[in-house]
Amino acid sequence: MAESSSPSPTEEIVRLIKRLSAYVAFKMSSLFSTSSIRNLDSRSIGAIAGLAIAVIFTWRAIRTPGEQRQRRQPKRRINNAETSSAAAAQSNVSSVLPEVSSPREDNAVQDVVDQFFQPVKPTLGQIVRQKLSEGRKVTCRLLGVILEETSPEELQKQATVRSSVLEVLLEITKYSDLYLMERVLDDESEAKVLQALENAGVFTSGGLVKDKVLFCSTEIGRTSFVRQLEPDWHIDTNPEISTQLARFIKYQLHVATVKPERTAPNVFTSQSIEQFFGSV
């Protein structure tokens, strides 16, 4: 029975780097969690850096013999008489020199190293926290942002929470104190909105409570809510309100399909909050 060929040293190194890559990827993902970031110390950073350096030097080590061998070969003319002796000497040297990795094996190692050093894709929670710039309080209108409906008249018939916004909404409530607000025409509309939010799981899966859903009868009333709460961010669809609040609110997100011609430097524009936070 033929014996199975043992893996070459390069193949063993490739396997080792893959195992190191998987381990470091796991450690990096755990370090990016909120609790781990707070407890991150110099030893943890040193361990990750040490593993990365080990991978780099291992890769360089297996490439160096082949490269040095190519550089050490002198360029000179040889005649026909020297050809046979050179071939014999070459065969003797090949039997003494250690095994040199082939270009195919070098490419395999390069692929593993490239994969290892790919940038870690941030999570939605990290993006939300970065975009909010550590803002601890956020106010947001409901119509056209959280709800499918865009006018108070539509709320008299029904209220529908946009499914695509739920994930972003949950992440915002993890990092910020969120208040939702809207202008309604009657108490029945208010009840429909609260029921829609409850059915969508906003009050159970997130940090939002019903007391933080505010209703008013005029647009001026919503502006007053925002001024009184003094949030770090306000999200709205009314350009007039965004303009009025620009002097008082640190940051604003104006949700609209078309960007207004003139906006204050602290007012951002996006077609939806999902698009702004990169979840779509």
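Entry one, the starting point. I noted that this is a predicted model. I opened with Ser189, which has its place in helix 9 (residues 187-199). Ser189 is buried, because its relative accessible area is 1% and the cut-off is under 20%. Leaving aside neighbours within four places in sequence, I found Ser189 in contact with Pro152, Leu155, Gln156 and Val184.

I traced an open sheet of 6 strands in the order 3-2-1-4-5-6, with parallel pairing. Its edge strands are strand 3 (213-216) and strand 6 (267-270), each pairing on one side only. Neighbouring strands are turned by 20° against each other on average, direction ignored. I then followed strand 5 (residues 251-255), which pairs with strand 6 in the parallel sense over 4 bridges. There, Gln252 has Val267 of strand 6 as its bridge partner.

Entry three, charges. I found 10 salt bridges in the structure. One of them joins Glu171 and Lys174, with the closest N and O atoms 3.4 Å apart. The two sit 3 residues apart in helix 8 (residues 166-175), so about one helical turn separates them. I noted Glu171 as buried at 12% relative accessible area, whereas Lys174 is exposed at 52%.

Next came Lys212 and Asp177, a salt bridge with closest N and O atoms 2.4 Å apart. This pair links distant parts of the chain: Lys212 is in the loop between helix 10 (202-205) and strand 3, and Asp177 is in strand 2 (residues 177-183).

Last, I checked Arg222 and Asp236, whose side chains meet in a salt bridge (3.0 Å, N to O). Both are buried. Shared partners join Arg141, Glu182, Arg183, Glu219, Arg222 and Asp236 into one salt-bridge network.

Terms used: Residues numbered from 1 in each chain as written. Predicted model: local features only at pLDDT ≥ 70, side-chain atom pairs only at ≥ 80, totals over all residues. Heavy atoms only, no water. Pairing = 2+ DSSP bridges. Axes fitted to C-alpha atoms, helices over the stretch in contact; angles between N-to-C directions. Buried < 20%, exposed > 50% of the residue type's maximum accessible area, 1.4 Å probe, protein only. Contact = heavy atoms within 4.5 Å. Salt bridge = Lys/Arg side-chain N within 4 Å of Asp/Glu carboxyl O.
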